[in-house]
Amino acid sequence: MSNILSAFKDKKAFIPFITCGDPDLSTTEKIVYEMAENGADLIELGIPFSDPVAEGLTIQKSSKRALDNGALTDKIFEMTENIRKNIDIPLVYMTYANIVFSYGTEKFITYAHNLKMDGLILPDVPYEESDEFSSVCSKYNMDLISLIAPTSKERIARIAKNAKGFVYCVSSLGVTGVRQNITTDLKSIIKDIKANTDIPAAIGFGISTPEQAAKMAEIADGVIVGSAIVKICEEHKENAPKYIGRYVKEMKDAIR
């Protein structure tokens, strides 16, 4: 069984995202521990990229700060090695195809596997073009997470049937970022996903408040939050871990 599935076992999963290296890798590591201690079930570690096309301004800016601070892939691998000495919570990398491809796809995934990473999210790789990454992930027992957006429509069944780990259901059109209202007919999308796969489905993009999280947890197996957490990093910098820990606890409590 995929280790990712343990994040959803007998509960709704809370999945926070953080940009590695913002404000620095030492702080990122502390944030991961706070997330795990305060109820996170799976954590997305974002490897920063210079042109993150799926991201809104908040995460774009955090990626730039991280890169300016020297958060390169090898240094993030070193941080992950430290994290894995202390916690065994499911972890996935979220980054872009060029990061993996330029590092060397097999080299990157081999390294991630050796670090006991459980999965990989590449938001700029369409399902139809994912085989060069998914085949290597399968070889090393890692899950390439599939994304399903409101525009997927007739593709939902095909994507869901071949999904691994969990299905990342994108709540809204556009890029990541806090939204006051989420108006997409997510119930229908989740229903179509569930008709074609038994693996969990988690909703992300735009969720920032406990009320939104609770509403999303009513229809999905998990809730993903990124931009709201990155904003806390931007505001509190090196002091962010304790504030993020409180936020994660509040969000996890809301979906229990």
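Let's start in the sheet, where strand E2 and strand E3 (residues 91–94) run parallel to each other and pair over four bridges. Keep in mind as you look around that this is a predicted model. To find the pairing on screen, pick out Ile 43, which stands opposite Leu 91 in E3.

E2 itself covers residues 43–46. Which way do its side chains point? Ile 43 and Leu 45 point one way from the strand, while Glu 44 and Gly 46 point the other way.

Two packed helices are described by the angle between their axes and the distance between the axes. For helix H5 (residues 105–114) and helix H6 (residues 131–139), the axes come within 10 Å and cross at roughly 35°. The crossing of H5 and H6 is right-handed.

Which residues bring H5 and H6 into contact? From H5 come Thr 105, Glu 106 and Ile 109, and they meet Glu 132, Phe 133, Val 136, Cys 137 and Lys 139 in H6. Sorted by class, this contact of H5 with H6 has four nonpolar, one polar and three charged residues.

Note on methods. Residues numbered from 1 in each chain as written. Predicted model: local features only at pLDDT ≥ 70, side-chain atom pairs only at ≥ 80, totals over all residues. Heavy atoms only, no water. Axes fitted to C-alpha atoms, helices over the stretch in contact; angles between N-to-C directions. Helix = DSSP H or I, 4+ residues; strand = E, 2+ residues; numbered from the N terminus. Left-handed = near helix turned anticlockwise from the far one by under 90°. Contact = heavy atoms within 4.5 Å. Nonpolar A, V, L, I, M, F, W, Y, C, P; charged D, E, K, R; others polar. Buried < 20%, exposed > 50% of the residue type's maximum accessible area, 1.4 Å probe, protein only. Pairing = 2+ DSSP bridges.
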